[in-house]
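Please open the model in your viewer and keep the selection panel at hand. The stops below say what to select next and what is there.

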Amino acid sequence: MPPSLFTAHGSPMLALEGGAWGEAVSALGPALPPLRGILVCSAHWEAAGPFTLSSGERPGVMHDFGGFPEALYALDYPAPGSPALAAEAAALLRTAGLEADLDAQRPLDHGAWVPLRYLAPAAAIPVVQLSLPRPRTPELLMAAGRALAPLRQSGVLILGSGGIVHNLRRLDWEEASGPQPWALAFQGWVQERLAAWDLKGLADWRQAPGAAESVPTSEHLDPLFVALGAAGGPPEPVFEGWQLGSLSLASYRFD
């Protein structure tokens with residue numbers, strides 16, 4: 001059975017310069033069982049109202065960033081979509097009492113396609129993307145993950161893509177001193193609760209040390225809760241690392 005995953009996606013430059021993070025995510029792919037699909041929830045699709053699932057046959061990608069080298073805008077991830085998987089996922093959400101819509105026009109954003117270029121580089125596995133609804137709570141996102149968990153039993157990988165710590169206003173471009181103390185404090189708090197499988201504590205993350213600096217807005221942390229809901233127990237670390245002092249690359253698999 002495929003795991004539930006949470007991967008950081010850091011700066012879009014990881015698509016070109018994946019480094020040790022890219023090597024770690026790439027190593028996951030060959031170890032996975034055969035997949036009939038990937039369902040990914042990214043920090044970069046927030047939509048008012050219900051959960052929404054991309055349902056186009058050929059979703060394509062968007063380059064939803066600016067100011068980067070031209071080579072980054074030339075990258076593609078031509079994976080097929082799956083209207084059938086999108087409809088199946090929507091039905092599971094509705095059965096759990098959660099509203100769900102379909103969007104046949106939505107492309108994959110960089111939070112989805114950057115890690116997928118490493119995890120499934122052939123772009124041959126159908127991909128469906130799940131939105132983050134507004135408003136939302138960790139409890140709502142974990143409920144969605146629980147509703148979608150049966151997909152794992154039929155060969156669907158569930159992937160949350162974001163970042164435990166993500167503060168673009170506090171980037172250290174020189175990377176002279178490593179991660180910021182508040183970033184280390186918050187990530188350490190999250191890791192302790194993941195290891196203890198303290199989902200209630202994790203849902204109350206705003207009271208954690210360093211939370212205000214580490215998570216100024218919640219969209220990059222929130223995909224973790226979808227992955228947690230679909231998981232069966234504590235994680236196995238995939239990668240631990242940092243970019244620019246305030247972007248965590250911590251990634252986990254939940255078997």
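This is a predicted model: local features need pLDDT of at least 70, side-chain atom pairs count only at pLDDT 80 or more; totals for chains, interfaces and linings use all residues.

Residues are numbered from 1 along each chain as its sequence is written, and side-chain values use heavy atoms, with hydrogens and water left out.

Select residues 181-195 to begin, which form helix 7; helices (H or I, at least four residues) and strands (E, at least two) are DSSP runs, numbered from the N terminus. Helix 7 has 15 residues and reaches 21 Å from its first C-alpha to its last, close to the 21 Å expected at 1.5 Å a residue, where the expected span is 1.5 Å times one less than the number of residues.

Next, colour W182, A183, F186, Q187, W189, V190 and L194, the buried residues of helix 7; buried means under 20% relative accessible area and exposed over 50%, with partly exposed in between (1.4 Å probe, protein chains only). Seen down the axis of helix 7, these buried residues fall within an arc of 150°, so they line one face of the helix; the arc is that of the directions from the helix axis to the C-beta atoms. On the other side of helix 7, P181, E192 and A195 are exposed. Among the elements covering the buried residues are helix 8 (199-203), helix 10 (222-230) and strand 10 (251-254).

Zoom in on A183, which counts as buried at 0% relative accessibility. Leaving aside residues up to four places away in sequence, A183 touches V165, S214, W242 and G245, contact meaning heavy atoms within 4.5 Å.

A second, separate core of 35 residues includes M13, V25, A123 and L159; a nonpolar core is a set of buried Ala, Val, Leu, Ile, Met, Phe, Trp, Tyr and Cys residues joined through side-chain atoms within 4.5 Å. The largest nonpolar core has 49 residues, and F186 is one of those with the most contacts inside it, together with L53, L93, L130, I164 and F254.

Finally, select helix 1 (residues 19-31) and helix 4 (residues 110-119), whose axes come within 7 Å and cross at roughly 65°; axes are lines fitted to C-alpha atoms, for helices over the stretch in contact, and angles run from 0 to 180 degrees between N-to-C directions. The contact is made by W21, G22, V25, S26, L28 and G29 of helix 1 and V114, P115, Y118 and L119 of helix 4.
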